[in-house]
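Dear colleague,

Please find the structure below.

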Amino acid sequence: MSFFTWTQDLAIGVAEIDEQHQGFVALLNELFVALQAGEAPATIDAVVARLQRYTVEHFHFEEQLMFRAGYPRLAEHRELHRYFVEQLDQATATNEHASVPLSLETLSIMTHWLIEHIRGADHHAFRWIARAARPSSVPPR
Ligand SMILES: [Fe+2]
Ligand SMILES: [Fe+2]
């Protein structure tokens with residue numbers, strides 16, 4: 001059973017970004033399955049560590065594209081990314097240092113945030129970048 005299913009309406013039309021978002025969903029699903037199966041903390045921590053690395057790399061990749069394109073809302077977008085990384089760090093710290101494991105509820109909240117981020121901020125940014133790349137189009141706002 002999957003926790004979250006990738007659907008085509010989440011695609012933003014940039015192949016690399018869409019692939020990375022699908023990778024995100026796959027990792028969140030993997031974490032969900034591990035948590036639900038009651039896997040050992042070391043196993044959960046290993047998936048969380050991969051998710052953390054993936055998150056940092058993906059966000060960095062996006063920010064680089066936005067920077068190169070001169071996206072005017074980069075600072076705002078960066079703040080959104082920073083917020084998610086902090087949430088993930090906190091969830092991991094709880095998992096490592098207390099007897100309370102990362103909860104399915106926390107995972108659900110983070111997944112929801114991520115999906116809304118893809119639908120909202122990521123869509124906006126990459127639509128802007130696509131329009132900015134077309135010289136004949138009306139300058140994007
Ligand atoms: Fe993204
Ligand atoms: Fe983003």
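**Findings**

Of the protein's 141 residues, 13% count as buried, where a residue is buried if 20 or more other C-beta atoms lie within 10 Å of its own, exposed if 12 or fewer, and partly exposed in between, with C-beta atoms placed from the backbone. This is a predicted model, in which local features need pLDDT of at least 70 and side-chain atom pairs count only at pLDDT 80 or more, while totals for chains, interfaces and linings use all residues. Residues are numbered from 1 along each chain as its sequence is written, and chains are lettered from A and ligands numbered from 1 in the order in which they are written.

The protein has four helices and zero strands, in the order α-α-α-α along the sequence. Helices (H or I, at least four residues) and strands (E, at least two) are DSSP runs, numbered from the N terminus.

The largest nonpolar core consists of twelve residues, among them Phe 24, Leu 51 and Leu 107. Such a core is a set of buried Ala, Val, Leu, Ile, Met, Phe, Trp, Tyr and Cys residues joined through C-beta atoms within 7 Å. Helices α1 (15-36), α2 (41-69) and α3 (74-97) each supply at least two residues of this core, and α1 gives the largest share, five residues.

Leaving aside residues up to four places away in sequence, Phe 24 touches Tyr 54, His 58 and Leu 114; a contact requires C-beta atoms, placed from the backbone, within 7 Å.

Glu 16 also lies in α1, but counts as exposed because it has 11 C-beta neighbours inside 10 Å. Its C-alpha atom is separated by 9.8 Å from that of Glu 62, 46 residues apart along the chain.

Yours sincerely

Methods:
Contact = placed C-beta atoms within 7 Å.
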